[in-house]
Amino acid sequence: TITNRRFRAAFFDTTTHFSHLTMKLLILTVLLALFAIAAHAADNASDLWVLLVAGSNGYYNYRHQSDVYHAWQIFRKNGIPEDHIIIMHYDDIANSPQNPIQGKVFNTIGGDDVYHDVPKDYVGKDVTAANFMKILSGQDMTGVGSGKTIKSDSNSNIFVYFADHGSVGLIAMPVGGYLYAKDMYHTISTMHENNKYKELVWYIEACESGSMADRMGYEKLNAYVTTASNPHVSSYACDYDSRVKTYLNDCWSRNFLVDTETSDLNSKTFLQQFEILKQKTTESPACAYGDLTIQSEVLANFMTWKQAARAPQNSPSVSVSDSRVSSRNVMEDMLMRRVEESANSLSAKAELKKFYEDAAKADIIYGAFAHALDVNTKPSNADDKCHTASALNHDCIKAATIAHNEVCGEYTEYSFKYSSYIAKACSTHDANAITQEFNKICSVVRI
């Protein structure tokens, strides 16, 4: 009927109207989302500071400085000006007598030299925990190294990358004592109180690196921390290169650096990168702590100057070897390789012999310590869990470790694996009891 035809016509007109309206709303929604992403990507990018730290020395620790040099090259390519990147490195591997390719450092097998143009902001004796915290918090560094310091304010983003040895509650440094979790937290907390940044991101490559952030309270400080391992497990060295006779990189760091180098930083988020690193780093469990809302932000907020329109690089021809070893065992592995590669080298054999003699003494010292204080020496939660059962006693860990280093000497590459015994002992004993025990033991046996 005419009425039905008019009804159908009106219905289709209305449907068409709503379809057009729906399409307009959809387009508007998409545009708003793109605008939000663009605004998010541009947030605070005009003031970005980057602090890169390799906290070790010695040719057998080549990989830490190599990782940091590669990071410096990436950030410079991303347009971050040199006066907004500060690098701390001992600078003893490029021209080391042990380096067969003098003046060059490589981070990947078959890759390019990553040492070229790297500045000497803070090298040698200036690579200390105290200087690191001063630089991070923007204190005056006149008369030390390059004098560069982070001149941040409440509108600044700060990115920190640290590659080093570590243990429960601490990260090693080549000079002047360790960087302790409690001191690092105090530094960032004070910066937060003084409006020295808007957001801070910290990437840590070290054994038991999760212990530097787990249950510390970084979620209250607008700070996001991601680590190569949890509070219980060693991180790993990767890619032994027969040309330079050492491990070129750390496994987690290699994955981080290659992913950063080949990604669209204006679209990839911290969460996406974290999931990739967690999947690719099979040797140690990657973890994330602190303000996890920062994971929704794009990498460009912290890795690109003013969101410079750098196209993602083609995946570099990175050769990956099957060689990987716990960071705790790198020195032994390299000494054994030297003996095998130079059968007639008396020095290599003598060095390996001395290594095993010191290792035997360490086994005695820390075996006696564990027995005396009834320390559980079994691996703690050695799986992919990122949290300890309860908060660590960081005051005790620092006090007891300082006392240990005074009476027993600093840890060697081998004995550092026993440093976690102090954290375990601190769960049931105070620092004085632990110090007294080390005094007894190390008056008899000392490495």
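Tutor: What follows is a set of questions and answers about this model, which is predicted.

Student: How many of the residues of strand E1 (residues 48-54) are buried?

Tutor: A residue counts as buried when its relative accessible area is under 20%. From E1, Leu48, Val50, Leu52 and Ala54 point one way while Trp49, Leu51 and Val53 point the other way, and all are buried. The strand is therefore largely enclosed by the rest of the structure, and the number of its residues that are buried is seven of the seven.

Student: Which residue in strand E2 (residues 85-88) is the bridge partner of Leu51?

Tutor: E1 and E2 run parallel and are joined by four bridges. Within this pairing, the partner of Leu51 in E2 is Ile86.

Student: What is the handedness of the crossover from E1 to E2?

Tutor: The two strands are parallel, with four bridges between them. Between them the chain passes through helix H2 (residues 62-77), which makes a β-α-β crossover, and this crossover is right-handed.

Student: Which residue in strand E3 (residues 157-163) stands opposite Ala54?

Tutor: E3 also pairs with E1 in the parallel sense, over seven bridges. Opposite Ala54, the residue that stands in E3 is Ala163.

Student: Which element gives the most residues to the largest nonpolar core?

Tutor: This core has 48 residues, and those with the most contacts inside it include Leu52, Phe75 and Phe159. Among the elements that give two or more residues to it are E1, H2, E2 and E3, together with strand E7 (199-205) and helix H6 (270-280). The element that gives the most, with seven residues, is H2.

Student: With which residues is Phe75 in contact, leaving aside its neighbours within four places in sequence?

Tutor: Phe75 is one of the residues with the most contacts inside the largest nonpolar core. Leaving aside those sequence neighbours, its contacts are Val50, Leu52, Ile80, Ile85, Phe159, Phe302 and Met303.

Student: In the open sheet of three strands, which are the edge strands?

Tutor: The order of this sheet is E10-E9-E12, and the pairing is antiparallel. An example is the pair of strand E9 (residues 236-241) and E10, which four bridges join, and in which Tyr240 has Tyr247 of E10 as its bridge partner. Each edge strand pairs on one side only, and these strands are E10 (246-250) and E12 (324-326).

Student: What span does helix H9 (residues 346-372) reach from its first C-alpha to its last?

Tutor: H9 has 27 residues, and at 1.5 Å a residue the expected span is 39 Å. The span in the model is close to that expectation, at 39 Å.

Key. Residues numbered from 1 in each chain as written. Predicted model: local features only at pLDDT ≥ 70, side-chain atom pairs only at ≥ 80, totals over all residues. Heavy atoms only, no water. Buried < 20%, exposed > 50% of the residue type's maximum accessible area, 1.4 Å probe, protein only. Pairing = 2+ DSSP bridges. Right-handed = clockwise from strand over helix to strand, strands pointing away. Expected span 1.5 Å × (residues − 1). Core = buried A, V, L, I, M, F, W, Y, C linked by side-chain atoms within 4.5 Å. Contact = heavy atoms within 4.5 Å.
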